[in-house]
Amino acid sequence: MALQVYNYLTRRKEVFQPIHEGFVGMYVCGPTVYGHAHIGHAKVYITFDIVHRYLEYLGYRVRYVQNITDVGHLTDDADEGEDKIAQQARKERVEPMEIAEFYTRSYFEDMDALNVLRPDISPRASGHIPEQIELAQLLIEKGYAYVSNGSVFFSVKSWPSYGKLSGRNIDELEEGARIAVSPDKRDPRDFAVWRAAKPGHIMRWKSPWGEGFPGWHAECSVMAMKYLGLPFDIHGGGLENIFPHNESEIAQSEAAYGKEFARYWILNNMVTVNGVKMGKSLGNFTTIKDALTRHNPMTLRFFILSSHYRSTTDFTDEALDSAARGYERLIGPVRLTRERLRRAESDGEVDVTFAEVIRQHKEQFVAAMDDDFNTPQALAVLFDFGREVNTLLNSDRPMTRATLEAIDNFYRTLGGNVLGLIPDNLPTSTEGGLEAQLMELIIRLRAEARARKDWATADAIRAELARLGIVLEDRPEGTTWRMAQ
RNA sequence: GGCGACGUAGCCAAGUGGCAAGGCAGGGGUCUGCAAAACCCCGACCGCGGGUUCGAAUCCCGCCGUCGCCUCCA
């Protein structure tokens, strides 16, 4: 068994083989920080968080680089294109860098909430202007780019393999081109590596060709190379950027440095709303912050992971409600296990039969993840395992502490470390706090009522608590409580 | 027009040559003072039409439908 990943470069699943033994370099296209992140962003970054986490689970040392685009991303490719950050700054009447900073913080806030581990390096495009100028210079020297009116354009027809990632034929590109062609381009298919700044353009830097700013694709090329070297293992991002962004990244990098760029291209499919793509321009997006006012972060994460990353995910509140119930079911046995662990259980070895159940499910889980990060399948394994755990813990079989710990460890490792779905401390199992002490008191008083067979009082307490979102469960070994979803 | 993806039970969603996972919802049952939770049982022959094969949801051809990229978008 070995990890297989679907590589967009070859359009096939391939056995993952890192360039350097035991080490993986991964670059993922990060957000352009001019607005709050939406569910579409959640899908990409959760996807690559899973890649990141699973590679580490397999024992690789991963260096994960994800850029922050704070300059160079224009509203369109025509001459009138305004920088997205600058445009937002104008609207909010602040400095462009305040916009970038504000939304960068917002982005990390959202990712932290979704339990997405931070990348190891989050380089800013604006912090790598000299490198991007150097890229443009190299391309000019080698004859792959030309200067025109203060801008530097990559000449697509000078690079025969242009189109290899997105499966596009260069000769056919021209016909379908709808873009307003910049008069500075020699060929409409060429793209900007460096752009001359118009008089009103705020974000500008000095360059050999006059004042300007980098093209959108340039940052990824130079930052990937700077922090990961060439070639590196994995390049990730959203499928909608396969062309022209990713395609151009490869072309200019391989042309400038004369080396292969990235080995494996892993791209995730989109989030849709009523079947159509969730996107900024369509205005049909839900921000993560907004979704989190209605749903738990783990529900959102569970929802994203319950479809494969290469499939589209249709977002609706109903789907999230059903995900919330599914998530509750997923963590039910975890909660049960941890409650049992809090009580002293007998010493002794791990139950032999159940040790085998654990081993089998772990094997199935790994097989699912090895198959191109099949998280829906991995979740199914977790559900199957949960059924086994529920059956075991609800039976009269004597339970050793070691068995419970083995179960808990399974969940902590696969559900927690790998999927990031099962926190080490479930939010409702707070011990010692005032809330927990009060609940203990209420449960004790209710137990007394039940002992007297005063069902009216007992039921009233349960109903009132339910109104407050607290669920009581009377089990043979005592009453437990938790917050409803 | 070019390139590409998808179409599996009421809904969501794995499977990609050998008798169709899992979740949500629903029905029946066990347990429970009642509930909740849990456990057990119940549902699809895989868009349509052909073809290849001993055998296809899974491969090939055609059709229908939905969507994506080709222009900013994770």
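Me: Into which domains is chain A divided?
Reply: The model is predicted, and local features are reported where pLDDT is at least 70. The bounds come from a domain assignment of chain A. That assignment gives domain 1 (4-268), domain 2 (298-418) and domain 3 (434-483).

Me: How much area is buried between domain 1 and domain 2?
Reply: The C-alpha centres of domain 1 and domain 2 lie 37 Å apart. The contact draws 23 residues from domain 1 and 26 residues from domain 2. Carbon and sulfur atoms give 66% of the area buried between the two domains, and that area is about 2,200 Å².

Me: Which residues of domain 1 lose the most area to domain 2?
Reply: The area in question is what the domain 1 side buries against domain 2. Three residues together account for 30% of it, and they are Lys43, Tyr54 and Tyr57.

Me: How many residue pairs are in polar contact across the interface of domain 1 and domain 2?
Reply: Between these domains the count of salt bridges is 2. For polar contacts, both residues of a pair must be at pLDDT 80 or more. Under that rule, the number of residue pairs across the interface is 13.

Me: Which element gives the most to the side of domain 1 that touches domain 2?
Reply: Elements giving two or more residues to this side are strand E1 (4-7), helix H1 (39-57) and strand E10 (262-268). The residues of this side divide into 15 nonpolar, 4 polar and 4 charged. With 10 residues, the element that gives the most is H1.

Me: Is Thr413 buried or exposed?
Reply: Thr413 is found in helix H13, residues 401-418. Leaving aside residues up to four places away in sequence, Thr413 touches Tyr57 and Val418. Its relative accessible area is 17%, and the cut-off for buried is under 20%. Thr413 is therefore buried.

Me: What separates Asp49 and Arg53 in helix H1?
Reply: The side chains of Asp49 and Arg53 meet in a salt bridge at 2.8 Å, N to O, and both residues are buried. Asp49 also meets the side chain of Arg301 in a salt bridge, at 2.9 Å, N to O. Because Asp49 and Arg53 are 4 residues apart in helix H1, their separation is about one helical turn.

Me: How far apart are the closest N and O atoms of Asp112 and Arg118?
Reply: Asp112 is partly exposed, with a relative accessible area of 38%. Arg118 is also partly exposed, at 46%. These two residues form a salt bridge, and their closest N and O atoms are apart by 2.7 Å.

Me: Is Arg482 buried or partly exposed?
Reply: The side chains of Arg482 and Glu473 meet in a salt bridge at 2.9 Å, N to O. Glu473, at 26% relative accessibility, counts as partly exposed. Arg482 has a relative accessibility of 19%, so this residue counts as buried.

Me: Which residues are linked with Glu473 and Arg482 in a network of salt bridges?
Reply: A search of the whole structure finds 33 salt bridges. Glu473 and Arg482 belong to a network of such bridges.

Methods:
Residues numbered from 1 in each chain as written. Chains lettered and ligands numbered in written order. Heavy atoms only, no water. Domains from an automatic or database assignment. Contact = heavy atoms within 4.5 Å. Buried area = accessible area lost by both parts, 1.4 Å probe. Salt bridge = Lys/Arg side-chain N within 4 Å of Asp/Glu carboxyl O. Polar contact = N/O pair within 3.5 Å; in protein donor to acceptor, adjacent residues only side chain to side chain. Nonpolar A, V, L, I, M, F, W, Y, C, P; charged D, E, K, R; others polar. Buried < 20%, exposed > 50% of the residue type's maximum accessible area, 1.4 Å probe, protein only.
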